[in-house]
Structure formats: C-alpha cells, structure tokens
Amino acid sequence: MKLIFLGPPGAGKGTIASELSKKMGIPHISTGDLFRKSIKNQTVLGQKVQKIIESGDLVPDALTVAMVKERLNNPDVENGYILDGFPRTIMQADSLSQFSEIDSVINFVIQDEQVIERLAGRRICKNCGEGYHIETLKPQKEGICDKCGEELVKRPDDAPEAIKNRLDVYYESTEPLIEYYKDKNKLKDIDGSGSVDAVMAETEAVISTI
Ligand SMILES: [Zn+2]
C-alpha cells in the first residue's frame, strides 16, 4: 500500500509512520532522513543538499523530488511505502504522480495550540537522537537520555519562533495539498489530537478500509 502522511509539524505523523511501517512491513520514507543520509554518504545529491541547508535555504522542489524518486527505485518499496514530509507542495505532488501512483493520503488534523504545546515540550538526546517529551514521554531521570545517559536538549526548530515559522510555511505551501488530494478522492482525515495509541488505532482502522 502506497501512503502519504500529511499534516502540520507536531501532528504525530512521524511516530505513527514509524510504528505502522514495522507492522505493515513497508518502509517509512521521511525526506528529513533522506537528506541526512545522503549528506552523511556524500552522494552527488547529498553534497548539493548540504550546501543548501548550510546556507539556510530551503531545499528546492526539484532536488527533493529527485531524491524521493531515487529512493522509490529501491526494491524494498515493492509492497508499498509511507511517505512522511513529502510531498510538501503542489509541484512536488504533481511530480510524484508522474512516477508513482499512491493509494491514499492520511491527513492528521490537529489545532495550532496543541501543535505548539507538543513541539515546545519535545526534547532530543544530543548524543543518540532519541526523542522525549516533558509531559507525554518523560525520561526516567529528568533531562537525561534513558538509552545512553547523555543530556536532553531542545531542537533548534522547536523554539517558539521557529515553530510559528514552520506552521506558516505549512499553511502556505502544504495545506493546499488537502484540497488537491480531496479532489482526487484520496484523502482520509484522522483526528491527530489524541494519544499515540488512539491515533494509531484510528489510522489502522482507516487503512483497513482502503
Ligand atoms: Zn541518548
């Protein structure tokens, strides 16, 4: 099954995608991970992306599309995939439709206030990258990673100003995709405001009808 997960930052897409990917045996493809991996491996695309990110610019659509297209050539997507963080613009969605036919778009619906609350409480281990939340996913010892004992920090893009920025970008570029996929009869709304378990259960129920 070929799925797109859509929704504002903090809607829980990544967490649900990661769990569902294990359950369904299809890869969870996030553009953030693709960027990080390609930079680490210093591929041709990776070197380009690195330069752009380091200069503080957004990765252009064409480059993002090229990277996803390359990823979807991997044989592990034979039975489907979950795209998380892509497409982000109408242009990206049009490009995607030229090389892969998706089955459904899961749209995680959540209010701004809750996004801000969730993202502001998010912490990440500066050593191993494990994610935590000061309210909903506490480490055993405050401020310390359960896995490796290192210090937990706030991600720079979770600072209040940065969150506002990310929401603005989402409403401007990505929200139009909701209408775009609704017109194609591919959109399924999910209430993203509940607990991870609740959102997961609803997502699975919706997917079973596709
Ligand atoms: Zn750690």
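Analyst: Happy to! Q42 lies in the loop between α2 and α3. Please keep in mind that this is a predicted model.

User: Why does Q42 count as partly exposed?

Analyst: Its relative accessibility is 36%. Buried means under 20% and exposed means over 50%, with partly exposed in between, so at 36% Q42 counts as partly exposed. Its backbone deserves a look too: phi of Q42 is near 50°, a positive value in a residue other than glycine.

User: What is the phi of N185, and is N185 buried or exposed?

Analyst: N185 is not a glycine, yet its phi is positive, about 60°. You will find N185 in the loop between α8 and β8. Its relative accessibility is 72%, and exposed means over 50%, so N185 counts as exposed.

User: And K186, what makes it buried or exposed?

Analyst: K186 is found in the loop between α8 (176-183) and β8. Its relative accessibility is 16%; the limit for buried is under 20%, so K186 counts as buried. Leaving aside neighbours within four places in sequence, K186 is in contact with E101, I102, D103, S104, V105 and Y181.

User: Which atoms are the protein donors of the zinc ion?

Analyst: They are the SG atoms of C125, C128, C145 and C148, lying 2.3 Å from the zinc ion. An S atom counts as a donor within 2.8 Å of the metal, so the 2.3 Å of these SG atoms qualifies them.

User: Why is the arrangement around the zinc ion called tetrahedral?

Analyst: The four donor atoms subtend angles of 99 to 120° around the zinc ion. Four donors count as tetrahedral if all angles lie between 85 and 135 degrees, so this arrangement is tetrahedral.

User: How are the donor residues spaced in sequence?

Analyst: The spacing is C-x2-C-x16-C-x2-C. Within this set, C125 in strand β5 (residues 122-125) and C145 in the loop between β6 (131-133) and β7 (152-153) link distant parts of the chain, 20 residues apart. Both C125 and C145 are buried.

User: How do you know whether H133 is buried or exposed?

Analyst: Its relative accessibility is 10%. With buried meaning under 20%, H133 counts as buried. H133 lies in strand β6, and, not counting residues up to four places away in sequence, it touches E117, R118, G121, R122 and K138.

User: What polar contacts does the side chain of H133 make?

Analyst: The side chain of H133 reaches the backbone oxygen of R118 at 2.8 Å, and a polar atom of this side chain lies 3.0 Å from the backbone nitrogen of E135. A polar contact needs N or O atoms within 3.5 Å, so 2.8 Å and 3.0 Å both fall inside the limit.

User: What makes β1 and β4 count as a pair?

Analyst: Four bridges join strand β1 (residues 2-6) to strand β4 (residues 104-109). Two strands pair if there are at least two bridges between them, so the four bridges here qualify. I4 stands opposite V105 in β4.

User: How many bridges join β3 to β1 and to β2?

Analyst: Four bridges join β1 to β3, with I4 opposite L83 in β3. Three bridges join β2 to β3, where S30 stands opposite D84.

User: Which way do the residues of β3 point?

Analyst: Y81 and L83 point one way from strand β3 (residues 81-84), while I82 and D84 point the other way, and all are buried.

User: Where does the cis peptide bond fall?

Analyst: It joins F86 and P87, with omega about -10°. P87 has its place in the loop between β3 and α5.

Key. Residues are numbered from 1 along each chain as its sequence is written. This is a predicted model: local features need pLDDT of at least 70, side-chain atom pairs count only at pLDDT 80 or more; totals for chains, interfaces and linings use all residues. Side-chain values use heavy atoms; hydrogens and water are left out. Donors are N, O and S atoms within 2.8 Å of the metal (3.2 Å for Na, K and Ca); water is not among the atoms, so sites may look incomplete. Four donors count as tetrahedral if all angles lie between 85 and 135 degrees; four count as square planar and six as octahedral if opposite donors are over 155 degrees apart and all others between 65 and 115; anything else is irregular. Helices (H or I, at least four residues) and strands (E, at least two) are DSSP runs, numbered from the N terminus. Buried means under 20% relative accessible area, exposed over 50%, partly exposed in between (1.4 Å probe, protein chains only). Contact means heavy atoms within 4.5 Å. A polar contact is a pair of N or O atoms within 3.5 Å; within protein, one must be able to donate a hydrogen and the other to accept it, and residues adjacent in sequence count only if both atoms are side-chain atoms.
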